[in-house]
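User: Could you take me through this structure step by step? I am new to reading models of this kind.
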Amino acid sequence: MGTHVIKMPDIGEGIAQVELVEWFVKVGDTITEDQVVADVMTDKATVEIPSPVSGKVLALGGQPGEVMAVGSELIRIEVEGAGNHQESASKPAPVVAAAPEPKPAPVEVPAAKPQVAAAPVESAPIVPRGANEKPLASPAVRKRAWDAGIELRYVHGSGPAGRILHEDLDAFLTQPTRSSHGAPSGYAKREDSEQIPVIGLRRKIAQRMQDAKRRVAHFSYVEEIDVTALEELRQHLNGKFGDSRGKLTLLPFLVRALVVALRDFPQINATYDDEAQVITRHGAVHVGIATQGDNGLMVPVVRHAEAASLWANASEIARLAHAARNNKASREELSGSTITLTSLGALGGIVSTPVVNTPEVAIVGVNRMVERPMVINGQIVIRKMMNLSSSFDHRVVDGMDAAQFIQAVRGLLEQPASLFVE
């Protein structure tokens, strides 16, 4: 038997350190070739680290949240043959033992009679974990459990190392009387609390937001827009071309409006290097689309939106959003934007104050669309209205320029035919 050491890989672009986000194996596990053993993060891109060999895990080189140097030992595996690592006879190499993983809670299962299926999961009595035994679960599972008022220590985990999966929450929620199993009822007094380490994407988001608020002289500008005609056009196009070209949301129209308006406001489609004191105005319009995933906010980039059709941009927005929500977006897809578009959809509220996505100098925020009575030519009519809440870097963008830019976007959206007039 030999030892194979996997070192932290060089992911590229001169990165010297990466953050270890999550382990998918533990000491003693038997793993197979190409099995993903860990997730690491650089800036905002999460990268899966697969094993090139099969064998038994001997040691893990770090804990989630730890920043590790490229080339440092990530994991040590016992393999058939010589392996790629030879221990020094005079000075054995140190082995970093992993912290003990919480064991899955024992679940009593009624003895099955011959030729009879085992009792369903919901009939098994719940045996809670110890007070200091932290259940394994992803951030998405933890949030769902918290929202549902479920204490995870009562939930049996069927995943690796007892990890609690969404399916385990589904099974728990289908139990007829949770309070009879010792879990808290909906009106029970709760004394529980949970400490969540700020690691991975959440740490990157915190750092970027703090840096943006510390360095950028933010100011916001809000304008309401009558999108009645735009919605009529969108529905007409979806009815005529939806089956063949795909359905259009509001976002590709907003991207098109930004592209056209920026022709007259190049100072908005810019990035500012405040250390070098250089403003770069970009001819290309690379639109960042703020996308909320289970682990936090990411901004995939629609590149060269100025050169793409309405449906091409719509398709790219959908593809990038899917990749970001599933943590599959690459580093290249998450960098290089020149202006950002953010929308909370139906939860958009009336007004928001989005944070500029540095080093950009502008972000356009979309609020909820509502029907409201409006006075037009002395008559009260029902119109579909929507606010744009946009923020700018006042070090680079003057207030008048910002207002005129948003008014240009407003004019394009209220007269949507002008979006396509060259």
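User: What are the helix and strand percentages over residues 136-173, and how far apart are the end C-alpha atoms?
Analyst: Over residues 136-173 the chain is 47% helix and 0% strand, and the end C-alpha atoms lie 18 Å apart. Helices (H or I, at least four residues) and strands (E, at least two) are DSSP runs, numbered from the N terminus. This is a predicted model, in which local features need pLDDT of at least 70 and side-chain atom pairs count only at pLDDT 80 or more, while totals for chains, interfaces and linings use all residues. Residues are numbered from 1 along each chain as its sequence is written, and side-chain values use heavy atoms, with hydrogens and water left out.

User: Which feature does UniProt place at residues 136-173?
Analyst: The unreviewed UniProt entry places "domain: Peripheral subunit-binding (PSBD)" there. UniProt positions are given in the numbering used here, feature names are shortened, and annotations may be inferred rather than shown by experiment.

User: At what angle do helix α1 and helix α2 pack?
Analyst: Helix α1 (residues 139-148) and helix α2 (residues 166-173) pack at about 20 degrees, with axes 10 Å apart. This angle makes α1 roughly parallel to α2. Angles under 35 degrees count as roughly parallel, over 145 as roughly antiparallel, 65 to 115 as roughly perpendicular and the rest as oblique. Axes are lines fitted to C-alpha atoms, for helices over the stretch in contact, and angles run from 0 to 180 degrees between N-to-C directions.

User: Which residues make that contact?
Analyst: A140, V141, R144 and A145 of α1 meet H166, L169, D170 and L173 of α2. Contact means heavy atoms within 4.5 Å.

User: And how do α5 and α7 pack?
Analyst: Helix α5 (residues 251-262) packs against helix α7 (residues 399-414) at about 125 degrees, and their axes are 9 Å apart. That angle makes α5 oblique to α7. Among the residues in contact are F253 and L254 of α5 and F405 and A408 of α7.

User: Let us change topic to the sheet. In what order do its strands come?
Analyst: The open sheet has 4 strands in the order β5-β4-β2-β7, with antiparallel pairing. Its edge strands, β5 and β7 (67-69), each pair on one side only. From one strand to the next, the twist averages 40 degrees. Two strands pair if DSSP finds at least two bridges between them.

User: How many bridges join β4 to β2 and to β5?
Analyst: Strand β2 (residues 17-23) is joined to β4 by 4 bridges, and β4 pairs with strand β5 (residues 45-50) over 6 bridges. For example, E19 has M41 in β4 as its bridge partner. In β5, V47 is the partner of V40, and E48 is the partner of D39.

User: Why is β4 described as largely enclosed?
Analyst: Strand β4 (residues 36-42) has 6 of its 7 residues buried, so it is largely enclosed by the rest of the structure. Buried means under 20% relative accessible area, exposed over 50%, and partly exposed in between (1.4 Å probe, protein chains only).

User: Which helix lies across the sheet strands β2, β4 and β7?
Analyst: Helix α3 (residues 200-215) does, running at about 135 degrees to β2.

User: Where does E33 lie, and what does E33 touch?
Analyst: E33 lies in the loop between β3 (30-31) and β4. Leaving aside residues up to four places away in sequence, E33 touches S51, P52, V53 and S54. The C-alpha atoms of E33 and G55 are separated by 8.2 Å, although these residues are 22 apart along the chain.

User: Finally, how many helices and strands does the chain have?
Analyst: The chain has 7 helices and 18 strands. Of its 422 residues, 42% count as buried.
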